[in-house]
Amino acid sequence: MKLTGMISLLVIVLLGSTVAALGQQKSCSFDLVGTWKAQLSPTKAILYRFDSKGDVIVLSAPENAEPQQIAIAKYEVIQDLGKPQSVAFTAYGKNRIFGAVRKTMKLVSYDDTAITCAIPGGGTTRWTRVDPDRYFIVLAARRGEFYDTSGSAFPMIIKLAGGVPTIDAFGIYLANDGRAFGTVPPAIYKNYLREARNDSETTLRLEINSRQYERALKIIKEWERRAREDALLYITGKDISDDPTSLNNILVVKAFVETLNQCSEDFNLYKLNYVVEDDWITNKVTSTFVPFYYFQELRKRNEARHIPDQKFQELVHLPTVASR
Amino acid sequence: MDRRSLFSRGAFTPHPSSQGAAKFTNAVLRTHDNKAVKFYDDLIRGKQCVINMMYADCHGACPLVTTVLKRTYRDLKDRMGKDLFFYSISVKPQDDTPAALKHYAEMRGADLPGWYFLTGEPYDIETIRFRLFNMGHPGIDLDFAMHSGTFRIVNDATNYWGHAEAFASQQNILKRISWADPYKSYGEWAKISRARQVEIDKDVKKYGYRTGF
């Protein structure tokens with residue numbers, strides 16, 4: 001009996017771990033365009049600048065010196081069943097890439113910020129994406145702004161290029177004539193970038209990478225289009241007993257947050273999935289308050305990576321905000 | 001009825017209370033014959049239709065649901081393409097080209113008059129899926145598999161909005177589709193009533209009581 005019990009327990013644990021492992025499978029899109037850095041030694045690095053036309057420029061980047069072009073080549077990403085497997089290089093003229101005219105580099109793994117590749121005769125190397133710009137998200141929500149004691153709740157994304165921030169924000173916000181759902185105007189979102197002052201406010205500010213930024217921006221742009229074209233997913237009707245605006249906002253914040261971990265487990269996310277075991281929020285509060293508690297829970301889980309007020313204000317100078 | 005008249009606007013009259021394109025959207029979809037159609041104007045406006053969501057590479061419920069629709073089509077074939085239409089919309093439009101849907105329809109013996117397999121932009125398909133099948137619950141509605149066993153039954157001429165479960169009995173499915181039928185005149189109801197009485201009389205004579213519905 002004991003043995004049977006132990007075997008059953010082992011099977012359950014193994015099955016559980018298999019399911020968990022499958023559940024962790026991520027879908028990273030592969031985009032080589034941009035600049036990648038291979039750090040050869042503490043003082044020496046190689047830069048690879050891939051353009052969208054199929055050319056790559058290789059530069060040596062010694063410490064404290066301007067990068068120098070050392071080769072130029074054509075490149076082609078080779079796919080199998082829609083997944084990138086390797087990159088084939090053909091050097092122009094007398095150029096050489098990896099010591100030859102033609103060379104194929106096998107892709108071992110990749111995520112939002114790095115590629116691990118194997119070069120024949122050159123071993124395995126890791127490239128990291130070089131990006132002069134910085135990217136941030138801010139999740140802001142309040143209580144007590146509207147008649148039902150709920151409040152604004154919207155995500156913001158910030159691109160900091162050359163010291164100038166560009167901000168996009170979409171969700172439920174307090175407009176002059178009450179609650180509004182859509183693109184949040186700069187005059188409104190500026191007040192929500194700062195630190196929460198009490199229990200009725202919650203703010204989480206995180207630095208993200210360019211790929212996370214692009215995915216999050218795509219979600220905001222899609223919802224802006226939905227608002228513009230009257231194509232919101234929930235609309236008022238007899239088939240809905242809940243407030244459709246709150247339901248739409250849940251879809252926005254959920255998609256926005258979940259896209260951050262689409263490629264790797266970068267942040268400690270709360271599972272807003274309506275499953276009782278995972279999700280206490282939707283089990284305990286009405287849809288109107290879900291984003292507030294969701295953001296608050298995310299703040300708790302990612303406190304160590306939250307950017308404090310002073311540091312954030314040093315990075316993002318609000319007078320220089322470039323609104324779209 | 002030929003395709004030209006099916007897709008010509010104004011052939012069917014919507015109910016004055018119909019929310020029209022504001023609810024159904026007028027997204028441009030493509031049929032399995034690669035014809036561009038406007039969802040409300042060409043497919044829903046003033047018509048009675050049965051709509052389901054599927055995808056061609058589905059090995060779960062979709063083939064079974066298509067089989068149920070095929071059986072339903074056979075039972076209602078005199079009306080199909082005239083005043084009743086079936087629309088099977090792909091939830092994987094990025095994979096399901098019109099050609100892929102044509103292949104699916106042919107393989108399942110479902111390439112039939114009045115039955116259209118539809119694909120389009122993912123953005124539009126998502127809007128239509130929510131507008132037709134949402135249950136006001138993001139946890140359920142975000143999972144497109146949750147709707148795969150449900151038929152949405154619409155009659156825009158009578159402003160009827162109902163549904164049927166694909167795995168209910170065939171009698172139940174037919175009954176639910178009939179609830180969306182166009183308004184009948186007193187004369188038509190009298191004719192139906194007389195025919196029904198004949199069936200009841202037969203039952204009573206044979207079994208001593210009435211069977212069926």
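Author: Happy to. The domain bounds used here come from an automatic or database domain assignment. On that basis chain A splits into domain 1 (34–130) and domain 2 (134–323), and 37 Å lie between the centres of these two domains of chain A, taken over C-alpha atoms. Before going further, a word on what you're looking at: this is a predicted model, where local features need pLDDT of at least 70, side-chain atom pairs count only at pLDDT 80 or more, and totals for chains, interfaces and linings use all residues. Residues are numbered from 1 along each chain as its sequence is written, while chains are lettered from A and ligands numbered from 1 in the order in which they are written.

Now to your helix, α3 of chain A, residues 210–228. Helices (H or I, at least four residues) and strands (E, at least two) are DSSP runs, numbered from the N terminus. The expected span of a helix is 1.5 Å times one less than its number of residues. With 19 residues, α3 of chain A should therefore span 27 Å, and its end C-alpha atoms sit 26 Å apart, which agrees.

Which residues of α3(A) are buried? They are A:R211, A:Q212, A:Y213, A:R215, A:A216, A:I219, A:I220, A:W223 and A:R226. Buried means that 20 or more other C-beta atoms, placed from the backbone, lie within 10 Å of the residue's own. What do those buried residues pack against? In chain A, their partners are the strands β9 (134–142), β10 (153–161), β11 (164–175) and β13 (201–208), plus the helix α4 (244–258). Contact here means C-beta atoms, placed from the backbone, within 7 Å. Just past the end of α3(A), A:D230 has a positive phi of about 55°.

Elsewhere in chain A there's a barrel: 8 strands close up in the order β1-β2-β3-β4-β5-β6-β7-β8, with antiparallel pairing. Strands pair if DSSP finds at least two bridges between them. Take β2 (residues 44–50) and β3 (residues 55–62) of chain A, which run antiparallel and are joined by 7 bridges. One such link has A:L47 partnered with A:L59 in β3(A).

Finally, the neighbour. Chain B has domain 1 (3–182) and domain 2 (184–213), and their centres are 32 Å apart, taken over C-alpha atoms. Where the chains touch, 17 residues come from chain A and 12 from chain B. On the chain B side, α6(B) gives the most, with 4 residues.

Note on methods
Contact = placed C-beta atoms within 7 Å. Buried ≥ 20, exposed ≤ 12 C-beta atoms within 10 Å, placed from the backbone.
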